[in-house]
Amino acid sequence: MDFYLQNGDYLASLLKALVCNEKPQPPKFDIDWEDFFFFCKHHKVCNMVYLTIKDFDVPKDVMTKFADYYYKLSVREAKQELFAQKIFRAFEREHISYLPIKGILIKHLYPVVNYRSSNDIDILIKDKDFEKAQKVLENMGFQGKLEHTDNNDYHIEYHNKSIAVEIHSALAPTKSNHYKYFCAAFDKAIKCDGSDYRYKMTDEDFYIYVLYHLYKHFIKGGVGVRYFLDMYVIEKKMTFERKYLKEQLKKIGLFEFDNSVREIYKMLFDNGEQTDRLRKLARFVYISGAHGEKTFFAMSEFSGAGTNHNNYLFNKIKYFKNAWFIGRSGMTIRYPVLKKHGWLLTFCYIHKGFSTIFRKPAAIKEQINEVKSLNKEKNSYVEHINRLAGL
């Protein structure tokens, strides 16, 4: 049987057992546990899988890898939760309006919070408070990693030694077809009880945004099984005004995609209908891993997927330009001297170029090989998958 379908289906069965408090079943095929570990790691679910297989007859060295992954993530998630609350309190003190989004909220819908790991703490900030929010994070010891570029004009990353924070000025990039819909998120949000500054989305708008985030990854290189598990858990834990959902999803062109997402997670986690179309979509999910496959991402950038910019040659040139020229703000983070001496920007770009050539030749070679691996067959495959998903 196909590696991705066989291992992916088994992974889905383990995740379903965990979130539904069911007894996990050992594999019914001759599984290679080492390969399965790396497959789970590719989907960033080793911590959840460990809890379901720890009583199985798994080779000791592989089980150690699962266990290490689980305990490291458990510590990180605990730190992340503590830092999130600390950041929220700081925003309250400084009268900064904020709206937590994505994983920091989704994981609280799971039976146990640390089942669902999250790469970072994502927070939407009102425009008028954005600079204040940056200063708060900097005063807490966070350092900017990446500011606005052509591909990222709606959030800024901050890091300390173990925690990552993304503060968002919008819920979608300005070049996205969905920017106009999501740019007024605070207008539709409601204040949380007991706070004048913390906001939350309605359940319906929360669902729409999580679906959009899944869609964004789906067309930008693919998306893994964890995102569909999120949708499955959200569906089980929350109730919605279906008429409003239908109207809004049609408005933003994601109604058919939403139907496909429901079909996929019901097939994976709820014994739903299995058709040839859905199996092809499932295989794409299994191949993609947590955040997509690199060649699929490059193809989406060249085609301008999800945007109005569909000139292939222009997008291809822009893709390489953005890889090397990360913008003034991004360069300032990398070269702090530019804060006072902006005239050095050209020299800093020259230094960056030579530094990359001599210190990271493997990264350059990898990017070249990625582009070489693009071909009409792969492009046709991705286009076919998008059509099957209702896009």
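In this predicted model, 51% of the 391 residues of the chain count as buried. The secondary structure comes to 19 helices and 7 strands. Among the contacts in the chain with a separation of 6 or more, 68% are accounted for by residues 24 or more positions apart. The chain exposes about 19700 Å², and 53% of that area is supplied by carbon and sulfur atoms.

Spanning residues 3-19, helix 1 has 17 residues and reaches 24 Å from its first C-alpha to its last, close to the 24 Å expected at 1.5 Å a residue. At its start, a side-chain oxygen of Asp2 comes to within 2.9 Å of the backbone nitrogen of Tyr4. Just after the helix, Asn21 takes a positive phi of about 55°.

Helix 1 is largely enclosed by the rest of the structure, because 12 of its 17 residues are buried. Leu5, Asn7, Gly8, Tyr10, Leu11 and Ala12 are among these buried residues, as are Leu14, Leu15, Lys16, Ala17, Leu18 and Val19. Their cover includes helix 2 (33-42) and helix 3 (46-53), together with helix 10 (225-237), helix 12 (255-269) and helix 13 (276-288).

Lys16 is buried yet has no salt bridge, and the nearest side chain of opposite charge, that of Glu22, is 4.0 Å away. Leaving aside neighbours within four places in sequence, Lys16 is in contact with Glu22 as well as Tyr232, Phe269, Asp270 and Asn271.

Key: Residues numbered from 1 in each chain as written. Predicted model: local features only at pLDDT ≥ 70, side-chain atom pairs only at ≥ 80, totals over all residues. Heavy atoms only, no water. Helix = DSSP H or I, 4+ residues; strand = E, 2+ residues; numbered from the N terminus. Expected span 1.5 Å × (residues − 1). Buried < 20%, exposed > 50% of the residue type's maximum accessible area, 1.4 Å probe, protein only. Contact = heavy atoms within 4.5 Å. Polar contact = N/O pair within 3.5 Å; in protein donor to acceptor, adjacent residues only side chain to side chain. Lys, Arg positive; Asp, Glu negative; His and termini not counted. Areas by Shrake-Rupley, 256 points an atom, 1.4 Å probe, with all protein chains shown as cover.
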